[in-house]
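Hi,

Here is the structure I promised to pass on.

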Amino acid sequence: MDQRLVLRASTSVDQASAKARWRDMEAGSLPMELWRLILAYLPLADLGRCCLVCRAWRELVLSLDSTRWRQLCLGCPECRHPNWPRRPQLAPPSWREALRQHALASRTWTQNGAELHSSACLHLFRRRKDRRVWHVGAAPGCGYETLRGALAAAGPYDRVLLHPGVYEEQAEVTLKVPVEIVGMGKLGDVALLVSFEQQCPTARLCNLVFMPAWFSPVVYKTSSGHVQLDNCNFEGCQLHVRGPGTCQARFCSFAQGSSAHFLGVAISLMDSCEFSGGDSASITVEGPPVSERNWACKHLAALAKTLTAVTMATSSGSIVHTASQDTKDSLGGVSHRDTSLGGHITMEDWTKQEVDWETGWTKQKTINGGLLPGQEGTVIEDDSMDTSNESSDEDNELRGANVSNIDYSLSYEQHGLAHLSEPRLPDCATFPALLSLSAELQRDAEAQELASSVQGCLLRRCLLRDGKGGVHLCNHAQARLEANVFRGLNYAVRCIQNAKLVMLRNEVSGCRASGVFLRLSAQGLIAENNIHSNGEAGLDIRKGANPIILCNRIHSGLRSGIVVLGNGKGFIRSNQIYGNKEAGVYILFNGNPVVSGNHIFQGLAAGIAVNENGRGLITENVIRQNQWGGADIRRGGDPILRNNFICHGYSDGVVVGERGRGLIEGNHIYGNRGCGVWVMSSSLPQLIGNYITHNRMYGLAVFCRKDPESSGAGEGYRPAQERERGGGGGERGGQENFHEEGELLAWESDMDSEDERFSSRRPITVALVENNCMSRNGAVGVYVKSSEALNVVGNMVANNRAAGMSIIQSSQLTRLVGNCVHGNGRVGITVDRECRVELRGNGIYGNGCHGICFRGDGQIVENDVVGNGAIGIRVMESADVKVLRNRVQSLQGCAISVRQQVRGVIQENLVYQGFPANSKPSIYTNPLNQECVVLSNTLLTHRPNIPWALENPPPRPLCNNPPSATSSAHPANLAISMTSRITTTVESGCHNNGSIFCSIL
């Protein structure tokens, strides 16, 4: 405490003394304004001397940053505007500091001379004394007319000044001693048509224009020494650097097809350079870094580390702000990313919807009195089969009556799925937040090692524009790209053949193909980049490439955001992927990435699409407000979709199309305008432990319709890009450019070994729906119109607006086992004609109409049907069914009603007495029906003042598993015995109103 007081006291004394000195200067001589005006005329050296006078003078000199220091910085012939070429209109934070950094960087080439450092205190004087200046040109007083003659006479570290003019040499010029070549006048006054070969340890060239000599396009090459290039222009020529040689280029322009080639370099630095108009890659880095190092490597590494640390410190605040801003967007806040895309409803519109808390259904008003965007006139079928037209007058009278005596009601709240009774609608706090880059690096040792170890060619603050390619890495090369701008190229970065890339805080936009390509086992770290408005994918990963992609903004692309195919891998985390015209993340042809913790929103197609045998682990993402399916899986796609938030989409939440597979586990799927999950019966997904709630249409819909490619569907069911491009026409057709630059489709025969993420998954032959909560949806909870077998096991289907489960078509056996169907607006479970259905071990409670309405073929065995609004079990028409060992109570009507010409057996059912005023028989059968046998059923009457309950066993469904949240252990540990092999073929055209938004790619 005493030390702090002393420091504060000394600080206040210093401030007071400084103010006193300022007052003395004003009182004894001139006002401060005049002092600043006088000092603004001093040269750089005199300003430095004035800083040494006293603190007051130092502060006075430092206050000239926007005037004199700016003039000195912009007037220096060896550099350009500090923010050139990316943003020359923006002033730097400090002009003095920018000039200081330039002065330090310009001296790198002189830091090697061992003979100059023989004396620690005299080397500066010896260097200044020994250096000579040689003037070259036709002007009077110039010692030499040719550059070659001056270089022959120059000694180590001499300066050769070239007067304005054009200098041409007919043969290659060899630099044998360290030398500095500087052009006088403005940039462009001195032009060289010379080809240099450097054989000395170091050299510097400044303020020159290089053009190719007649005999070679290479204007400069070095293979062992270090060259420093400051404020030079390259026009139609090439720069070659071969390891262990190094290069430091600052404020250089490469135009008219000029390029830089680095072969086996350990480290080279390209800072604030511009590349334009190239007909090939602007920068090519080839070969692994050589083990041999020259003297400049340690100085360039220290300089690059210092500059990177400064840039990281200044950008860390901005990335945290971006992450927090996107979190705000995810929670319904207002920002530029929440603005309406294509005229569609935004998150703000969702928050303004009117909610009916009785049914949990959002009453969204249509736009201009019409349909919602994208619905195209689709109507939800009403196939509950329990309308008032089909019910008897007595049933209508009984339905909805007020039962005041609750003693007759059986309690069923303690059933085995009670832990799913209250669906957990996620709120703002439950969304996973985007992590900053520093947080990601702290938890990922591999990414941290890449960020610290990769050097090779360092490209910083450069502009690459209007050419064929940006940076090309191949054959184990390494490069580091920081704070560059890539604009108007065919591609920005192409990394192939085991090359390594670190790409930080770059902007990649306007590329005619994909922005960043990674091929052939390429690796790298791609972080905090702004990748947008590209003609193809923002990032294209294939052929074994395995990058780490963190904290990027990938948006507004004309195709997909990220494409992973051809055994491509990668870790895609904490990115914002939004506003792309096609899928935010597109996985196909055995692509197998890890997609985790991203925010994928406001896309004009699907959030994530997995097709053509694509795989992938997709976990803990926020996928919201996409125009088509939140996740689209089809044609052999087999991902793991786990613990994601798929919400507020303008179509279905999850779509599993033809031949789609995959494990869909533990996701929150809610607030979508179509179905929660839309499944085609030819697919084999596993839906386990999901919360599918508050969707506008069905919770889960299973249809038998094929994809339009194979079934010739009509216009209302065509893929999104076909509608936009006139049925697949146009320049590129309806497919992504997956055959880029003549590459063969080698991934189809180059299958990887089975990934460990997928090896623990049990094989299935029947689609499985298990342990899900499907509640408060706008239509039927589970809607099945399928020609394949289906197992629906252990699900909570509650409080849906229409029926709980509706089986409209089921030519193969559909098993409904161990489900709780509770509190739905209409029938609990309805089965249509010619459907094969088995109901076993279900609890059907408190639904608005009948408990079970059955017209098909099958069994109703060991179910609890209690507390429904009308008949408990209603079997009718030409059903062929066995109703065995059920516990049934209907307070207001028949417990079991058998109507028309039903065939089957009603046997060993336990019927509880209903309300005493109920005059209906407990079991009603048609007297004219001789084919239905009623045997050994038991009627239990209620004893006054003695509450009764479902016991031995307790209320169904029974609890076979602990009521905990779903985990990744489910697929390997749960054993479902009621699977059977699918042998039938899919029949097309049986449903005219399938998913209204399911087909995208």
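Ser-94 caps helix H6 at its N-terminal end, with a side-chain oxygen 3.2 Å from the backbone nitrogen of Glu-97. Bear in mind that this is a predicted model. H6 itself covers residues 95-105, and its buried residues are Trp-95, Ala-98, Leu-99, His-102 and Ala-105. Looking down the axis of H6, these buried residues fall within an arc of 130 degrees, so they line one face of the helix. And what covers them? Among the elements doing so are H3, helix H5 (65-75), strand E11 (226-230) and strand E14 (246-250).

H3 turns up again in a helix pair. Helix H3 (residues 44-51) packs against helix H4 (residues 55-62) at an angle of about 140 degrees, and the axes are 7 Å apart. On the H3 side the contact has Leu-47, Cys-50 and Cys-51, which meet Trp-57, Arg-58 and Val-61 in H4. Sorted by class, that contact of H3 with H4 has 5 nonpolar residues, 1 charged and no polar ones.

Zooming out for a moment: the protein has 17 helices and 77 strands. Of its 1001 residues, 58% are buried. Among contacts with a separation of 6 or more, 55% are between residues 24 or more positions apart.

Glu-582 sits in the loop between strand E38 (576-578) and strand E39 (585-587), and Arg-559 in the loop between strand E35 (553-555) and strand E36 (562-565), so the pair ties together parts that are 23 residues apart in sequence. Glu-582 and Arg-559 are both buried.

Asp-632 and Arg-634 make another salt bridge, where the closest N and O atoms are 2.8 Å apart. Here too, both Asp-632 and Arg-634 are buried.

A further salt bridge links Arg-903 and Glu-931, with 4.0 Å between the closest N and O atoms. Arg-903 is in strand E73 (residues 903-907) and Glu-931 in the loop between strand E75 (923-925) and strand E76 (932-935), so this pair ties together parts that are 28 residues apart in sequence. Arg-903 is partly exposed, at a relative accessible area of 42%, and Glu-931 is partly exposed as well, at 47%.

There is also a network of salt bridges, which links Asp-271, Arg-460, Arg-461, Arg-480, Glu-482, Arg-505 and Glu-528.

Two loop residues are worth a click. Asp-444 lies in the loop between helix H12 (437-443) and helix H13 (445-453). Is Asp-444 buried or exposed? Its relative accessible area is 12%, so Asp-444 counts as buried, the limit being under 20%. The side chain of Asp-444 reaches the backbone nitrogen of Ala-447 at 3.1 Å. Setting aside neighbours within four places in sequence, Asp-444 is in contact with Ile-548 and Arg-573.

The other is Met-876, in the loop between strand E69 (873-875) and strand E70 (880-884). Met-876 is buried, with 5% relative accessibility. Not counting residues up to four places away in sequence, Met-876 touches Cys-853, Phe-854, Arg-855, Arg-899, Gln-900 and Val-902. Its C-alpha atom is 9.9 Å from that of Asn-926, a residue 50 places away along the chain.

Finally, some backbone details to look at before you set anything up:

- The peptide bond from Asn-952 to Pro-953 is cis, with omega near 5 degrees; Pro-953 lies in the loop between strand E77 (938-940) and helix H17 (970-973).
- Arg-956 and Pro-957 are joined by a cis peptide bond, omega being about 0 degrees, and Pro-957 lies in the loop between E77 and H17.
- Gln-256 has a positive phi, near 55 degrees, though it is not a glycine. Gln-256 is in the loop between strand E15 (253-255) and strand E16 (259-263), and is exposed, with a relative accessible area of 59%.
- Arg-885 has a positive phi near 55 degrees, again in a residue other than glycine. Arg-885 lies in the loop between E70 and strand E71 (887-889), and counts as partly exposed at 34% relative accessibility.

Cheers

How values were computed
Residues are numbered from 1 along each chain as its sequence is written. This is a predicted model: local features need pLDDT of at least 70, side-chain atom pairs count only at pLDDT 80 or more; totals for chains, interfaces and linings use all residues. Side-chain values use heavy atoms; hydrogens and water are left out. Helices (H or I, at least four residues) and strands (E, at least two) are DSSP runs, numbered from the N terminus. Buried means under 20% relative accessible area, exposed over 50%, partly exposed in between (1.4 Å probe, protein chains only). A salt bridge is a side-chain nitrogen of Lys or Arg within 4 Å of a carboxyl oxygen of Asp or Glu. Axes are lines fitted to C-alpha atoms, for helices over the stretch in contact, and angles run from 0 to 180 degrees between N-to-C directions. Contact means heavy atoms within 4.5 Å. Ala, Val, Leu, Ile, Met, Phe, Trp, Tyr, Cys and Pro count as nonpolar, Asp, Glu, Lys and Arg as charged, and the others, Gly among them, as polar. The arc is that of the directions from the helix axis to the C-beta atoms. A polar contact is a pair of N or O atoms within 3.5 Å; within protein, one must be able to donate a hydrogen and the other to accept it, and residues adjacent in sequence count only if both atoms are side-chain atoms.
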